[in-house]
Structures are given as structure tokens and as C-alpha cells.
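Here are my notes on this one, written as numbered points. Have the model open while you read.

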Amino acid sequence: MCPGRMSAPRAVAALRAEAYDMPEDGVARERLILFVRRLRDHGLSISPVQTADYLRSVPLLAPSGLYWAGRVCLVTRADDINTYRQIFADEFGPPQPKESSGGGYSTGEMDGATEREVAASSEEGVADAAEQLEHRDFALLDPSEANEVAQIIAETRFTMPLRRTLRRRHSVNGRVDLRSTLRRELRPASEKTPRLLHSVRRQRERRLVLVVDVSRSMAPYSRYLLIFAHALLAAGLPVEVYCFSTRLTALTDVLRIVNVDAALAAVAAMTPDRDSGTRIGAAFSELLLDTRMVEAVRSGVLTIVSDGLEQGDPDTLRNAMERLARLAHRVVWVNPLKGSQGYEPLQRGMIAALPYINEFVPGHDLASLRSLAGILRITRD
Amino acid sequence: MDALPRRAADIFASPEVVETMLAESGYLPDSGLSTAVFLALRLGRPLLLEGAPGVGKTELAKRIADILDLTLVRLQCYEGIDASQAIYDWDYARQLLAARLHGESASRTGAIDLYSEEFLVERPVLRAARLGDRALLLIDEVDRADEQLEAFLLELLAEGTVTIPELGTVAAKRPPMVVITSNRTRELQDALRRRCLYHWIELPNLERETAIILSHAPEVGEGLARAVAHATSRIRELRLAKPPGIAESVDWAKALAALDYEALGPFAIDATVGVLAKTVDDVNAVLAARETILKSDNREQIRD
């Protein structure tokens, strides 16, 4: 046993002091504690109580139950199962009996977010230029303008549209609130005429799901929409961000990196399919297969950013859009091409998707991003 | 920690016993699941079950209650459920009435306690806490409820008790067994996860699914059961909007038997596809893949 690992956390050390019945031939308790420690090092969050449960469980089971004791006591989410399996195999050898892999749950491990040196931004905006910048197509920005636009987006203050929640608050109308009526009735010396009090549901922020196309044709625009997404997240709003070109990637976590450039670099590192072709339908079908993503879309505002240049089967896209429209509260499609004059939604993908869209807006310059924010009702007055 | 439901834990003396007893009742667990059930009882911890819909999470709780002769107290979660529907509530109408009546005769009776047992309305969680180890509390599809509800459940999960501020803490000698199921439509909070033993129920492999079909539908021949299990596992690979669970494969086998099919063929699938696939798109996808479903099935059988 390597001495470096011997200092288990204090809480665990305290537990060790308690007496546990260990069979002579069982795995030494020390080793189990070190195993727990290793799991923690790999990101599993395991409480001292769970550790105690684990230590109690192992002697209750046959040696072949060692694998399951930890699986049941220490692993609390499906995403951690693979990590547990690997570390267990490394520590104790392959589990026996082998775990069936029927359903084939697999975790997509993503890493390798490289941080890039951040270019110092220069501020050279003149007052007149600000007006022009509003309507300058993102594809035509020079580097200093690009920085400025990024900054303007980042500095915009956002709030979220609202939805009803469970919680109720007092109101002059709404459902009769018997609880408060009773309280009022019981107040001493209440000579006032009895009356019913009412309550209505409180409101909460509605979730926004942003799905950004990062394929080659979208390259000049997707950057600014990701900055837009970054600003929404930085404002602490309930936003989920995904991007796609041929495959779907969840970006919410990386976009939480505080520095915009570092966040964008991390996005680039985890989207190897970036700047390749577009399979919108396939990406959306993938989204619909993940129950958590479906739940994020459910009764939220789904905002899709894409030029609709679909290379896959438009039927796949149509089917996916149909289901997404049923799930979401509202579907907004942002198409930068719509900003150019004489644009008609003639692309196969766009034609397939149009019937399911509530709002179809451009997103090629600052002004159009502002109006998008207005449509999403996320700008603070 | 010593408050173990002793009787139940004595019956389920080892994971093997759990497996055997469940199998006798017609539920076929794998060794992971039976270990989880055994430990949940032995350690007195709630058992959190996740897995694809239709994999038998709720059914397991019912079977355990049946075998151990526990009262099954079921809390079906839904969007909008709150503490007054899940744990306990006060009967406000009666309280108001009592207060009004009392007001008129105050001089004679003195103070009245409006927050007493008399006006308490019992909901599933409180009921289970009172019954203690004579109950199995099934918190079904907890992911449908709002996150706020999870916080209300924590006390019961950790201590097996329910505290009513106006009355005090309700605790049985031994806490009830608790089984929580989730379809993983949203992420549960860590606070809840930490208090539970966790098991992810996999879809069964071919052998187990065949056995499950046979035990639920004895009228189905073994050959047909096996073919159905094969075909169902192929269909699950089709990426349907609603992939068939175990209930569907059992129903499918029953449907085929009811129609006197002795083997799977294109016509048999045509006739019974509605048992398996529950949306128009899925039905079309299954019918389109009919050949593959059957072909791969034959190949497997030859290999066997």
C-alpha cells in the first residue's frame, strides 16, 4: 500500500474507530477506506455516512458481493457507474459476478478544455461608430470591432421570462386561501366581517434552451451567439446551451468559465466537428433521445440558431421539430441569413422546420440580437 | 441506526434469499438488485431506483411489500404536488367551523386547540411514518415532482420521522422501508441521493427477459418467448421515441399467444405492433424494420 494515501480524511478516521465486525478473510477496512478515498479523488461525492454504510455492508455480504456493496452504497448517480467500475477493477480486479451490460448505459466523458492566452482587448469605439456597429453584419467585422461587439453583448443585462410555480402568494383574486382565512379569523378581537382571502401562484423564470449551429457556414455568426449565451449564463439565468454541426454537444458547463475567451476556447476544444457539415435533424433527434435534454426543453423557450442549410434528411428534421414544438413553450429560430436582403427561406431544412416555429428572426448584427432579446423577453428595461 | 425493521431484515437474510423469494413471486432480479434490496433493509436506508421506463421499478416495491407483508403506502408524484398533498395537511374548513362555534360559546369551554390531532389530515408520508416498519413507502416517479418537494422528504428519508411544527415529531419505533423511483427526466438533488442506497436497473438480458415473459405469461411457449425477447431487444436498438419496456414485451408475448401465433413472422408483427409501439412514428419504424428484426432473430437462434 502506498504511504502517500494513508491519511484518510478526519471524518473517515473517526468512523474507523468504531467497531465493525470484519471476517478474518475479508478485505481489510483500511483498504476499503482508501478505496472510498480514491473514488472521491475521481469526483464521486461520498458522505461519511455513506462510507459507514459501506463498511457495514461489506461484512454482511459474501466476498463476491464486494462490488455491489460499493455500487449500492457509494454510487448515487448513473453517471458515476463507469468510474466506479473502472476504479473497482483497478483496486480489486474485475467484479465477480460480472455486471450485466444489457441496457448499455455509458457516460460521455469530456475533457481537454485547453485555456488559451487571452488577447488584450482594445477599446477604440467612437460615438458615431456605435450606431454603425449596431447594424454591421457579424461576418464583416474587423478585429477591433469584433472585440467591441463581444464586449457590448457581454455587458448587456438580462432577465428571464416568467412561468408559474407551485408556490402561492396573497392576492385579491385567485383561489380561496383557506389557510390564511383561518389565520385571519383567529386573530384576537377581530370584529371585521369575515371574508375569504385568495392566493395566486407565484412566478418564476422560464428556462431558455439555446441550440447553436457551429457548422462551417455559420462560423462568422455562431461565435457571437455563443458570447450571447455566455452573457446569459454569467447573469445567472436558467439557460441550457447546446451546439451542433453533425453531433450535439452540451456547452452549458464550459460556458460558465468566467472569461469569455477561455470559455470559447474550451468550446472549440470540445467540438471537433465544428466547422464541418450540418445535420440538424440528426442533432435534434439526439437531443430528443436524452431525457434530461428533453426535460430542459419541456415548457422552456427553445431558441435554435442555424442557417437551415441541412445536409441530412429533411424528414428527420421535420419529425424532430414536430416533437420539439410539442415539448417547448415557444420555438424561436434565429437565422443570420434572414438579415440579408431578398432572403427567402428556401433551404430544404428551413422549409421542413418552418411550420413548427413561433418566431423566425435574423441574428446577423447587434441590432438583431437586441430584438431577439426583446422577443425572448430577456432584456431589463 | 439500530432502528432496523428487524422482522423484514430477518426474512431477507441474504441477497440470495431476496433473489429466490422475489423469483418465486414472479419478479426476476439480477444479483445487483437483490443486493441493493438486502442492504436497504439491513442498513435501514431508503432505496433509490432509476432506470428506463418499464424496467420494473414500481413493480419491485409492490412485490417486496407483498412478500414481507407490509402495507404499501404509495405516493405518486406529479407536477405541482406540494407538502400538503404529500405529507400532511390541516382540515381548514373544520378548523374554521370549530373556531366559529367556539367563539359563540367561549365563556363555557375556554381555549380551543385548533392545531390538534383532530384537525390533522394524514397524507402518504405521514401515514408511513406512523405505521413504521409495518409499511413500505413507495415514492413513485419522484422526478415528476418539483425539486422543492425533495427537501420536504429529507427528514423522513434520514430519520424515518415527520415533524409537524404545531404538534411535534411523529416517529414509529422503527422507520418504514422506503423505495423511491425515478425515470431520470431530471436530475435529483444530491441531498436526496446521499441519504439513499442507489441502484440503476438495467434492461434484462435475453435469458432473463425470456424467463420474465415465461413467468408472467405461462401460456406462451418457450420458443415464442425467446423469439419475443430477441425481437424486443432488436426493437430497442431502433431508437424509438418510446422504446418497449418489460411490460411491453410481456404484453406482446401474451398478444401473440392470444392470437395463436406459435412463432414470430411478418404477419404476426403486423397484427400486434400496437402492443409494442405506442406512437405512430414508432409503429412505422417497427414495421419498416420488420425484416431486420426477424432476420437477426433467426441468426441468433442458429448460433444458439
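1. Let's start with chain A: what share of its contacts with a separation of 6 or more comes from residues 24 or more positions apart? The share is 76%, where two residues are in contact if their C-beta atoms, placed from the backbone, lie within 7 Å. Chain A has 381 residues, and 33% of them count as buried; buried is taken as 20 or more other C-beta atoms within 10 Å of the residue's own, exposed as 12 or fewer, and partly exposed as in between. Its secondary structure comes to 15 helices and 9 strands, both being DSSP runs numbered from the N terminus (helices H or I, at least four residues; strands E, at least two).

2. Some housekeeping. This is a predicted model, in which local features need pLDDT of at least 70 and side-chain atom pairs count only at pLDDT 80 or more, while totals for chains, interfaces and linings use all residues. Residues are numbered from 1 along each chain as its sequence is written, with chains lettered from A and ligands numbered from 1 in the order in which they are written.

3. On confidence, the predictor gives the complex an ipTM of 0.70 and a pTM of 0.65. Chain B averages a pLDDT (the predictor's confidence in each residue, from 0 to 100) of 86, and 92% of its residues score at least 70.

4. Now the interface. Chain B puts 39 residues into the contact and chain A 36. On the chain B side, the elements giving two or more residues are α3 (31-43), α6 (92-104), α10 (190-194) and β9 (197-201). The largest share, 7 residues, comes from α3(B). By class, the chain B side divides into 14 nonpolar, 10 polar and 15 charged residues; Ala, Val, Leu, Ile, Met, Phe, Trp, Tyr, Cys and Pro count as nonpolar, Asp, Glu, Lys and Arg as charged, and the others, Gly among them, as polar.

5. Have a look at α3 (residues 48-60) and α4 (residues 66-73) of chain A, whose axes come within 9 Å and cross at roughly 155°. That makes α3(A) roughly antiparallel to α4(A). The axes are lines fitted to C-alpha atoms, for helices over the stretch in contact, with angles from 0 to 180 degrees between N-to-C directions. Under 35 degrees is roughly parallel, over 145 roughly antiparallel, 65 to 115 roughly perpendicular, and the rest oblique. Residues meeting here include A:Tyr54 and A:Val58 from α3(A), and A:Leu66 and A:Cys73 from α4(A).

6. In chain B, α14 (residues 266-276) and α15 (residues 280-288) pack at about 140°, with axes 10 Å apart. They are therefore oblique to each other. B:Val273, B:Gly274 and B:Leu276 of α14(B) make the contact with B:Val283, B:Val286 and B:Leu287 of α15(B). That contact has 5 nonpolar, 1 polar and no charged residues.

7. Last, two backbone spots to check. B:Glu141 is not a glycine, yet has a positive phi of about 55°; it sits in the loop between β5 (135-140) and α9 (147-159) of chain B. With 19 C-beta neighbours inside 10 Å, B:Glu141 counts as partly exposed. B:Asp260 has a positive phi of about 65° and is exposed, with 6 other C-beta atoms within 10 Å.
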